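Welcome! Please take a moment to look over the sequence and the 3D structure below, and then we can walk through some of the parts together.

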Amino acid sequence: MSSLNISSFIWSIADDVLRDVYVRGKYRDVILPMTVIRRLDAVLEPTKGAVLAMKAQMDEAGVTNQDAALRQASGEAFYNTSPFRLRDLTSRGRNQQLRADFEAYLDGFSPNVQEVLDKFKFRNQVPTLVDTGRLGFLVEKFCDPAVNLSPHPVLNETGSIRLEGLDNHAMGTVFEELIRRFNEENNEEAGEHFTPRDVVQLMANLVFLPVAEEIRSGTYLVYDGACGTGGMLTVAEATLTQLAKDQGKEVSIHLYGQEVNPETYAISKADLLLKGEGSGADNIGFGSTLANDAFPAHEFDFMLSNPPYGKSWKSDLDHMGGRSGMIDTRFVVEHGGEPDFSLVTRSSDGQMLFLANMLSKMKRDTPLGSRVAEVHNGSSLFTGDAGQGESNIRRWIIENDWLEAIVALPLNTFYNTGIATYVWVCSNRKAAHRRGKVQLINATQWHRPLRKNLGSKNCELSEEDIRRICNAFFAFNETDQSKIFPNEAFGYWKVIVERPLRLEGIDPERAHTAKEIKALREEHERSETAPPVIRKVHNAGVEADPVRGLFSASVKGRPGVVEYEPDVDLRDTEQVPLLEECGVEDFLRREVLPYAPDAWYNPDSVKLGYEISFTRHFYKPQPLRSLEEIRADILALEHETDGLLVQIVGEA
């Protein structure tokens, strides 16, 4: 029986056993953990006797730390020390006896499996299954002799194979297919945990293909800081394995991930156990990546992620000491001469911190360095003013020359949102021709429609679409869909432009002391009256510099310079591109002073920011209609309404 057929068989159990007991959206709460249990049970059957014997021997010897020995006895990274196999429970008659035995069976699993069951909250389902009489039926269905979930073949009496064994890879495929179907069934929430496989494959290609020929035999670490059900790790492993094989290399791949949602954490960990990757399952951390990094001392070769966006991380921020108390070196770095350069974003959206987290884990002493791909929504391109966390993260990435490309994906690519999404591709080992440059790829039109919508997802990236995007990436040429920019093109100086305060009842030809200014401002606020200009204290011996607010004046018959008092209500800002050849002051003289000759700026207030505008770079204005087309439409309308006005007037 194929993996797909086995998935369909298990899927059918939900309708056969759970209908009228659970709503469809809750079938997964039973079926996924039971699939894990049955597979682990089938794997452990051949060594069951050896495990029980080892358990008895160590109990008799008073050994308390038994985990390593029991793993050795089972030959796997997990074991079960209960006297039962799952199929032994199908013969238990009374419901309450079955419940006691089933719970004893669950209690016999090793600690790593216990954690999976706890995160699934599977024990919470047992009373419902017992009270409705479905537990025995459920166990019986999963132990159906017509289906083999064991890695070992089932033989006929003659010794011939009746049912092929299901190897770890095939079992992983079965489990992933179930996850996919359940996620699509619950598509209103699937996007929180599930990235479509087409998008994951694109990300994997963008991470691995550029260095395919540089892959060497050895060990590689792959990480996802928001791993959900582990799909990205799975695809990344498969892609890297195939590329290494194509290059004639042998690689050992270790997967690492962290997930904050208990159920999806359990799925990810269980998936690795089912694939025979026991040590990999131990490398899936539970908890908040931002507040409780599970791998603070690790560096990784390849990293892929789809973090939550538009989601508050205020509780994490509070846990980390708030903005003023933040000391986490992932988010407070040394950059641009600032020892405490803050990457801390608004508490309402922490998506860019996941990118900062991954970039903090890049390898810096290997030939390949690290490659990163992460999905973001549009706000990561432009949200955050100069000097704020989001802008600082963009600045930190671009000024370190880590950003290779950003790919705009088609709308409605994900299950629970139709908003614009983008894949950021980063590396700390850019190819020579990419250094100092960033590529923007507009792939919004490269997709094919789905036959049936899956939530908000109405299209997908075909293999040809993925190939087209990757080809555009590798070509690194200017086209309608690909634009190349120097790093500085995304930077700007934010300049605060001041205008003079104007108050009624003063002499505009004299300079006032600070005390006089204070008194006049208070009077102005009381009377709510308006201009002429008020000037500050006279600066003798200072050269006039209008763009900095120092204006020529004659005070008491002596030439000198005065400063204007700024009016906060007239305060404005300008964004001066870093590529402005002549700098801030020439920009102001050219773009501001001709229209506001009394304007100035304070050099100490200038801040550096970065933003990326896909719309500006790829916008194509619609051509205006010709006069002939407009005239034809008017004549057509006139013809359609001919006589209508006469009828209306006549009837009136």
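## Before we start: what counts as a pair

Two strands are said to pair if DSSP finds at least two bridges between them. Keep in mind that what you see is a predicted model. As background, strands of a sheet pair through backbone hydrogen bonds, and they can do so in a parallel or an antiparallel way.

Let us begin with strand 7 (residues 332-335) and strand 8 (residues 338-342), which are paired antiparallel through three bridges. Which residue of strand 8 is the bridge partner of Val332? That partner is Ser342. The two strands make a hairpin with two residues between them, and there Gly336 takes a positive phi near 60°.

Strand 13 (residues 448-454) and strand 14 (residues 457-460) run antiparallel, joined by three bridges. Pro449 has Cys459 of strand 14 standing opposite. Two residues lie between strand 13 and strand 14, and Gly455 in this turn has a positive phi of about 65°.

Now look for the open sheet of nine strands, whose order is 5-4-3-6-9-11-10-12-15 and whose pairing is mixed. Strand 5 (284-286) and strand 15 (482-486) are at the edges; each has a single partner strand, so one side of each has no neighbour in the sheet. On average, neighbouring strands of this sheet are turned by 15° against each other, direction ignored.

Strand 5 pairs with strand 4 (residues 251-259) in the parallel sense, over three bridges. Here Gly257 has Ile284 in strand 5 as bridge partner. While you follow a strand with your eye, remember that side chains in a regular strand alternate between the two faces of the sheet.

Next, find helix 24 (residues 627-640), which contains Ile634. Helix 24 has 14 residues and spans 20 Å from its first C-alpha to its last, close to the 20 Å expected at 1.5 Å a residue. How many of the 14 residues of helix 24 are buried? The number is zero, so helix 24 lies largely in the open.

Leu627, Ile630 and Ile634 make a nonpolar surface patch of about 310 Å². Ile634 has a relative accessible area of 51%. Because exposed means over 50%, Ile634 counts as exposed. A handy rule for helices is that an α-helix has 3.6 residues a turn, so residues three or four places apart point the same way.

## A buried alanine

For contrast, turn to Ala170 in helix 9 (residues 168-185). Is Ala170 buried or exposed? Its relative accessibility is 15%, and because buried means under 20%, Ala170 counts as buried. Ala170 and Leu274 are 104 residues apart in sequence, while their C-alpha atoms are 9.5 Å apart in space.

## Salt bridges

The model has a count of 38 salt bridges. One of them brings together the side chains of Lys55 and Asp59, at 3.5 Å from N to O. Lys55 and Asp59 are four residues apart in helix 3 (residues 48-61), which means about one helical turn separates them. Lys55 is partly exposed at 24% relative accessibility, and Asp59 is partly exposed at 42%.

Another salt bridge joins Asp107 and Arg123, with 3.1 Å between the closest N and O atoms. This pair links distant parts of the chain, 16 residues apart: Asp107 sits in helix 5 (residues 95-107), and Arg123 sits in the loop between helix 6 (111-120) and helix 7 (126-131). Asp107 is exposed, at 51% relative accessible area, whereas Arg123 is partly exposed, at 27%. Arg123 also meets the side chain of Asp118 in a salt bridge, at 3.2 Å from N to O. Asp118 is partly exposed, with a relative accessible area of 45%. Elsewhere, salt bridges that share partners join Asp545, Arg548, Glu585, Asp586 and Arg589 into one network.

Conventions
Residues numbered from 1 in each chain as written. Predicted model: local features only at pLDDT ≥ 70, side-chain atom pairs only at ≥ 80, totals over all residues. Heavy atoms only, no water. Patch = residues over 30% accessible without salt bridge, like charges linked within 9 Å, V, L, I, M, F, W, Y side chains within 5 Å. Areas by Shrake-Rupley, 256 points an atom, 1.4 Å probe, with all protein chains shown as cover. Salt bridge = Lys/Arg side-chain N within 4 Å of Asp/Glu carboxyl O. Buried < 20%, exposed > 50% of the residue type's maximum accessible area, 1.4 Å probe, protein only. Expected span 1.5 Å × (residues − 1). Axes fitted to C-alpha atoms, helices over the stretch in contact; angles between N-to-C directions.
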